[in-house]
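Please look at the sequence and the model before reading on.

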Amino acid sequence: LAALHLGVPRVTGVEIDAEALAVATENARLNGAGDRLTLVAGGPDAVDGMWPLVVANIRAGELMELAPAIARRTAPSRLALTATPAGAAARGISRP
């Protein structure tokens, strides 16, 4: 939702937790963003394509496990933002 409020025209979000997905759906509706937000049940491999910006707000352990899938979804020369310390994220998400 923050990305939408900052001007990103369309956002796709993935979430493995059904309750969190329901909360995100309701938050999008309450903020009038439901038509610009697509929410998908699952992880990074639940969506196709590559994205110019990937934001991961998950714990470091899970992020490190998902790093290869996140890297596959981050377009070359684009950005992946995470909630982990910079060094750990850089090691886990950097491209070969």
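The sections below describe the overall layout, the strands, the salt bridges and some individual residues.

## Basis of the report

The structure is a predicted model, in which local features need pLDDT of at least 70 and side-chain atom pairs count only at pLDDT 80 or more, while totals for chains, interfaces and linings use all residues. Residues are numbered from 1 along each chain as its sequence is written, and side-chain values use heavy atoms, with hydrogens and water left out.

## Overall layout

The protein contains four helices and four strands. Here helices (H or I, at least four residues) and strands (E, at least two) are DSSP runs, numbered from the N terminus. Along the sequence these elements follow the pattern α-β-α-β-β-α-β-α.

Of the 96 residues in the protein, 27% are buried. A residue is called buried under 20% relative accessible area, exposed over 50%, and partly exposed in between (1.4 Å probe, protein chains only). The protein exposes about 6300 Å², and carbon and sulfur atoms supply 59% of this area. Such areas come from the Shrake-Rupley method with a 1.4 Å probe; for residues, only the protein chains shown count as cover. Among contacts with a separation of 6 or more, 64% are between residues 24 or more positions apart; contact means heavy atoms within 4.5 Å.

## Strands β1 and β2

Strand β1 (residues 11–15) and strand β2 (residues 37–41) run parallel and are joined by five bridges. Two strands are said to pair if DSSP finds at least two bridges between them. From β1 the chain passes through helix α2 (residues 18–30) to β2, and this β-α-β crossover is right-handed. The term right-handed applies if, with the strands pointing away from the viewer, the path from the first strand over the helix to the second runs clockwise.

Which residues of β2 stand opposite Val 11 and Val 14? Val 11 faces Leu 37, and Val 14 faces Val 40. In a regular strand, side chains alternate between the two faces of the sheet.

## Salt bridges

Side chains of opposite charge can pair when their charged atoms come close. A salt bridge is defined as a side-chain nitrogen of Lys or Arg within 4 Å of a carboxyl oxygen of Asp or Glu. By this rule the protein has four salt bridges. One of them joins Arg 72 to Asp 45, with the closest N and O atoms 3.0 Å apart. Arg 72 belongs to helix α3 (residues 60–73) and Asp 45 to the loop between β2 and β3 (51–56), so that the pair links distant parts of the chain, 27 residues apart. Arg 72 counts as partly exposed because its relative accessibility is 44%, and Asp 45 counts as partly exposed because its value is 47%.

Asp 45 also forms a salt bridge with Arg 73, where the closest N and O atoms are 3.3 Å apart. Because Asp 45 lies in the loop between β2 and β3 and Arg 73 in helix α3, the pair ties together parts that are 28 residues apart in sequence. Arg 73 is buried, because its relative accessible area is 16%. A further salt bridge connects Arg 59 with Glu 62, the closest N and O atoms being 2.8 Å apart. Arg 59 is exposed at 62% relative accessible area, whereas Glu 62 is partly exposed at 32%. Through shared partners, salt bridges join Asp 45, Arg 72 and Arg 73 into one network.

Leu 53, Val 55 and Leu 81 form a nonpolar patch on the surface, with about 260 Å² of accessible area together. Patches are made of residues with over 30% relative accessible area and no salt bridge; like charges are joined within 9 Å, and nonpolar side chains (Val, Leu, Ile, Met, Phe, Trp, Tyr) within 5 Å. Leu 81 lies in strand β4 (residues 74–82) and is partly exposed, because its relative accessibility is 39%. Pro 52 is in strand β3 and is partly exposed at 47%. Pro 52 and Ala 75 are 23 residues apart in sequence, and their C-alpha atoms are 5.4 Å apart.

Leu 1 lies in the segment before α1 (2–5) and counts as partly exposed at 31% relative accessibility. Leaving aside neighbours within four places in sequence, Leu 1 is in contact with Asn 27, Ala 28, Asn 31, Ala 33 and Leu 37.
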